[in-house]
Amino acid sequence: KKYEIEELFMAEIEDRYYSMPEIMKYLGISRDTALRWITTKNMPAHKVGKKWKFKVSEIDEWVNSGKAEE
């Protein structure tokens, strides 16, 4: 039972929203590149107030689909 709870907790952490600096580090890109990809390559991003937020699962799916290279 404890293992199941820990597994769910880790999955929740892995799928939390990442900030712009975190996603820049994750992808190894600059802020300008991230903003350009949001508008020109449909990089998955969510506007929360004035800040962009990202789900790593959506970013990974986008990269693996080849859309990042279009």
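**Sheet, helix, core and salt bridge**

Visitor: Is Ser19 buried or exposed?
Guide: This is a predicted model, and the values discussed here are computed from it. Ser19 lies in the loop between β1 (17-18) and α2 (20-27), and it touches Trp52, Lys53 and Phe54, leaving aside residues up to four places away in sequence. A residue counts as buried under 20% relative accessible area. With a relative accessible area of 18%, Ser19 is therefore buried.

Visitor: Which strands stand at the edges of the sheet?
Guide: The open sheet is formed by three strands in the order β1-β3-β2, with antiparallel pairing. An edge strand here has a single partner, so one of its sides is left without a neighbour in the sheet; this applies to β1 and β2 (46-48).

Visitor: Which residue in β3 does Lys47 stand opposite?
Guide: β2 pairs with β3 (residues 51-55) in the antiparallel sense, over three bridges. Within β3, the residue opposite Lys47 is Trp52.

Visitor: What angle does the direction of α4 make with that of β3?
Guide: Helix α4 packs on the sheet, where it touches β1, β2 and β3. Its direction and that of β3 make an angle of about 70°.

Visitor: Within what arc do the buried residues of α4 fall?
Guide: Helix α4 spans residues 56-64, and its buried residues include Val56, Ile59 and Trp62. Seen down the helix axis, the buried residues line one face of α4, because they fall within an arc of 125°.

Visitor: Which residues are exposed on the other side of α4?
Guide: The buried residues of α4 line one face of the helix. On its other side, the exposed residues are Glu61 and Asn64.

Visitor: Which elements give two or more residues to the largest nonpolar core?
Guide: This core has 13 residues, and those with the most contacts inside it are Ile23, Met43 and Phe54. The elements that give two or more residues to it are α2, α3 (31-40) and α4.

Visitor: Which residues does Met43 touch, not counting those up to four places away in sequence?
Guide: Met43 is one of the residues with the most contacts inside the largest nonpolar core. Its partners are Leu27, Ala34, Trp37, Ile38, Phe54, Ile59 and Trp62.

Visitor: How far apart are the closest N and O atoms of Glu22 and Arg16?
Guide: Side chains of opposite charge can pair when their charged atoms come close. Glu22 is partly exposed at 31% relative accessibility, and Arg16 is partly exposed at 34%. The cut-off for a salt bridge is 4 Å. Glu22 and Arg16 form such a bridge, their closest N and O atoms being apart by 2.9 Å.

Terms used. Residues numbered from 1 in each chain as written. Predicted model: local features only at pLDDT ≥ 70, side-chain atom pairs only at ≥ 80, totals over all residues. Heavy atoms only, no water. Buried < 20%, exposed > 50% of the residue type's maximum accessible area, 1.4 Å probe, protein only. Helix = DSSP H or I, 4+ residues; strand = E, 2+ residues; numbered from the N terminus. Arc of directions from axis to C-beta. Contact = heavy atoms within 4.5 Å. Pairing = 2+ DSSP bridges. Axes fitted to C-alpha atoms, helices over the stretch in contact; angles between N-to-C directions. Core = buried A, V, L, I, M, F, W, Y, C linked by side-chain atoms within 4.5 Å. Salt bridge = Lys/Arg side-chain N within 4 Å of Asp/Glu carboxyl O.
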